[in-house]
Amino acid sequence: MRDHRPTLWSQCAALFRASRALLFGSSDQYFLSRYQVASSMPLQMTLYFSIPYALVYAALSQYLYAWKSNVWEVPLVVAVISPMIFTVWALLEPIRLILGYVGNLRERVAWLGGFWVLTIFPQLVVHIYFLVGQASIGWITMPIETVMSAIYVVLSLVQLGIGYSTIRRLIAKAMADFHLQPVDDAADDPALTL
């Protein structure tokens, strides 16, 4: 008698497809209903956990910068560039998180597009600077700063990937909604046109 259980290869392939659908959203290109939810739960979770992490990151990085500048002499380049870059991050991070949070929940492509652009520049660039740029300028980078910035870079890259697939799903849903709209019969009536 033949065993009809799935092979190990087919089980691994099914697990890969399920994890990809969970992380990056379903690959459905056609929506059956305009009331189908297209927002991304993994994106919402990463945004939710980014808020407290941003607060902890801001407090710890300011504390470490103040402590390092009291212990070691700060080069002029670092004394100008690092606070300026941190200020840009601190001003734009709440805007980025709000755009992503509300854009995902309300399924707004424009808001998620703004979130996606702000994630690439300046936020990702800022964390790459704090990860490798300060050390290349000649300022001391502590291991905890490296770990904090590396976590932020990984989190931003995950948000970029999930955000891109969510934007694609929202565009597909908007296109399906457009095709589900009833045709206006008044536009076809020649008596009403000029």
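## Reading an all-helix model

Read along the sequence, the protein follows the pattern α-α-α-α-α.

Q: What should I know about the model and its numbering before I start?
A: This is a predicted model, where local features need pLDDT of at least 70 and side-chain atom pairs count only at pLDDT 80 or more, while totals for chains, interfaces and linings use all residues. Residues are numbered from 1 along each chain as its sequence is written, and side-chain values use heavy atoms, with hydrogens and water left out.

Q: How many helices and strands does the protein have?
A: Helices (H or I, at least four residues) and strands (E, at least two) are DSSP runs, numbered from the N terminus. Here you get five helices and zero strands.

Q: How do I read the span of a helix, say α3?
A: The expected span is 1.5 Å times one less than the number of residues. Helix α3 covers residues 76–105, 30 residues in total, and reaches 44 Å from its first C-alpha to its last, close to the 44 Å expected.

Q: Where does α3 bend?
A: A bend at a residue is the angle between axes fitted to the seven residues ending there and the seven starting there. In α3 the bend is about 30° and sits at leucine 92, with proline 94 following within four residues.

Q: Which residues of α3 are buried?
A: Buried means under 20% relative accessible area, exposed means over 50%, and partly exposed is in between (1.4 Å probe, protein chains only). The buried ones in α3 include Ile85, Phe86, Trp89, Glu93 and Arg96. For the protein as a whole, buried residues make up 32% of the 194 residues.

Q: Is serine 50 buried or exposed?
A: Serine 50 counts as buried because its relative accessible area is 0%. Serine 50 is found in helix α2, and its C-alpha is separated by 8.6 Å from that of tyrosine 152, 102 residues apart along the chain. For contrast, look at isoleucine 137 in helix α4: with a relative accessible area of 34%, isoleucine 137 is partly exposed.

Q: Which residues form the largest nonpolar core?
A: A nonpolar core is a set of buried Ala, Val, Leu, Ile, Met, Phe, Trp, Tyr and Cys residues joined through side-chain atoms within 4.5 Å. The largest one here has 12 residues: Tyr53, Ala54, Tyr57, Leu64, Ile85, Phe86, Trp89, Val126, Tyr129, Phe130, Met148 and Tyr152. Two or more residues each come from α2, α3, α4 (109–137) and α5 (143–180). Helix α2 gives the largest share, four residues.

Q: And what about nonpolar side chains on the surface?
A: Patches are made of residues with over 30% relative accessible area and no salt bridge; like charges are joined within 9 Å, and nonpolar side chains (Val, Leu, Ile, Met, Phe, Trp, Tyr) within 5 Å. The areas come from the Shrake-Rupley method with a 1.4 Å probe, and for residues only the protein chains shown count as cover. In this model Tyr63, Trp67, Val71, Trp72 and Ile140 form such a patch, with about 490 Å² of accessible area together. Tyrosine 63 is found in helix α2 (residues 41–71), and tyrosine 63 counts as exposed because its relative accessible area is 55%.

Q: How many salt bridges are there?
A: A salt bridge is a side-chain nitrogen of Lys or Arg within 4 Å of a carboxyl oxygen of Asp or Glu. A search of the whole structure finds three. In one of them, lysine 68 meets glutamate 145 at 2.8 Å, N to O. Lysine 68 lies in helix α2 and glutamate 145 in helix α5, so this pair ties together parts that are 77 residues apart in sequence. Both partners, lysine 68 and glutamate 145, are buried.

Q: Which salt bridge pairs glutamate 93 with another residue?
A: Glutamate 93 pairs with arginine 96, the closest N and O atoms being 2.9 Å apart. Both lie in helix α3, three residues apart, about one turn of the helix.

Q: What is the phi of glutamate 107?
A: Phi of glutamate 107 is near 60°, a positive value in a residue other than glycine. Glutamate 107 lies in the loop between α3 and α4. The side chain of glutamate 107 also forms a salt bridge with lysine 173 (2.7 Å, N to O). Lysine 173 is in helix α5, 66 residues apart from glutamate 107.

Q: Which peptide bond is cis?
A: The bond from phenylalanine 121 to proline 122 is cis, with omega near 15°. Proline 122 is found in helix α4.
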